[in-house]
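Open the model in your viewer and keep the selection tool at hand. Each stop says what to pick and what is there.

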Amino acid sequence: AGGGRTNPLHDPNAQGGAWRRLRCLQNHFSASSPVSDPLVIFSKIVKRFGEFVAVQHLNLEIHPGEFVAIMGPSGCGKTTTLRMLAGLEQPSEGEIRISGRRMNEVSPSERDTPMVWQSLALFPFLNVVQNVEFGLKMRRVDATTQHRKALEWLERLGIAEFAKRDVSLLSGGQRQRVALARALVTEPEILLLDEPLSALDAHLVIHMQGVLTRLQKELGITFVYVTHSQSEAFAMADRVVIMNEGAVMQIGTPQAVYRSPAHRFVAEFVGTNNILSGTAQSTNAGVLSLQTELGGFRVQPSAGQSVAEGASCSFVIGADHILLTSEAEALENRIPCSLISEQFVGSVVTLYFETASGVEFRVQKQQRELDALNLQ
């Protein structure tokens, strides 16, 4: 396996300024971040449940019209963060502001932040149109307007024909659209979504991703979307927030997070990355030489990164940035490996290789490329 651009990650246990500079990336926005005033500001937010710290020192700005996805493993604090924005939980420390107004003491009913729940939480004793009318009814909108607006949103989401149907008789995708219509009928400034697609079949998930993305762009509403699914977050979001153990690991565009992870956790959590560790030996014309258990490597650090000689480093090799060859060519960054197994997922195949010392490498290739290689 040779070639492929690599991305060094400085070892968090090592000494020196390079790691400190890298850690600073965690709370920075990308160069393409919006320039408008923030709609939502989380400032030094801490949330405790007894002795357990669910969210620690969260700083996050969300701008008008953004689609922000918060993702991470189970228990990382993403849903707690969403619930604090909705007013269902109160921060233990820090401040949440919406449109410049402090929201810590504001009740959920006084916030313009409806939520689409993972369970959808539709009312079984109301039919479809009555479910959608409910939010308007709570706002004391007159009955005629309630009904008209509810039907308009059912039409917009392509389910007007089911207006009088019992929600228990709907499919999963249809119930999902009812829940969206109920949340959007009040025309909120912010819509919160807590893993709303997790219970749907795979083909429905792809379809609903398109529906959500189209709605968000058309309406200009700010979406804050919590998920553990990388494919959902990357397919829809303008920016992604990666959390782990209550802390923000990185904030950036899907492309930046995928290609330039700022933390080892992010590199392991996102994508299909291979990570090697070694010692920085020298730098020549911006190219870093590293010595690892698999030999020497020459890597190109990401823009703005600086690694001192002698520092312990880890670096990322993307699974789709690896060249496969059975020829004994003198390629740079070459590793002899044996093919162990492969995972077929359609047009892309993930190949699992192993070095003589037992280190696993994952490689992703298009099926047509593999046909030409005739691997055994």
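**Stop 1: charges over rings**

Select Arg 182 and Phe 123. The charged end of Arg 182 sits over the ring of Phe 123, 5.1 Å from its centre. A charge counts as over a ring when NZ of Lys or CZ of Arg is within 6 Å of the ring centre and within 35 degrees of the ring normal. Next, pick Lys 47 and Phe 49. Here Lys 47 lies over the ring face of Phe 49, 5.0 Å from the centre.

Before going on, note that this is a predicted model, where local features need pLDDT of at least 70, side-chain atom pairs count only at pLDDT 80 or more, and totals for chains, interfaces and linings use all residues. Residues are numbered from 1 along each chain as its sequence is written, and side-chain values use heavy atoms, with hydrogens and water left out.

**Stop 2: aromatic pairs**

Rings of Phe, Tyr and Trp (its six-membered ring) pair if their centres lie within 6.5 Å; planes under 30 degrees apart are stacked, over 60 edge-to-face, and the rest tilted. By this rule there are seven aromatic pairs. Select Phe 67 and Phe 223. Their pair is tilted, at 5.3 Å centre to centre with 55 degrees between the planes. Phe 67 is in strand β4 (residues 67-71) and Phe 223 in strand β9 (residues 222-227), so the pair ties together parts 156 residues apart in sequence. Strands are DSSP runs of E, at least two residues, and helices are runs of H or I, at least four, numbered from the N terminus. Both Phe 67 and Phe 223 are buried. Buried means under 20% relative accessible area, exposed over 50%, and partly exposed in between (1.4 Å probe, protein chains only).

Now move to Phe 234 and Tyr 258. Their ring centres are 6.2 Å apart and their planes at 80 degrees, so this pair is edge-to-face. Phe 234 belongs to helix α7 (residues 230-236) and Tyr 258 to helix α8 (residues 254-259). Phe 234 is buried at 19% relative accessible area; Tyr 258 is partly exposed at 21%.

**Stop 3: an open sheet**

Show the three strands in the order β16-β17-β18, an open sheet with antiparallel pairing. Two strands pair if DSSP finds at least two bridges between them. β16 (338-344) and β18 (360-366) are the edges; each has a single partner strand, so one side of each lacks a neighbour in the sheet. Finish on β17 (residues 348-354), which pairs with β18 over seven bridges. Val 348 stands opposite Gln 366 in β18.
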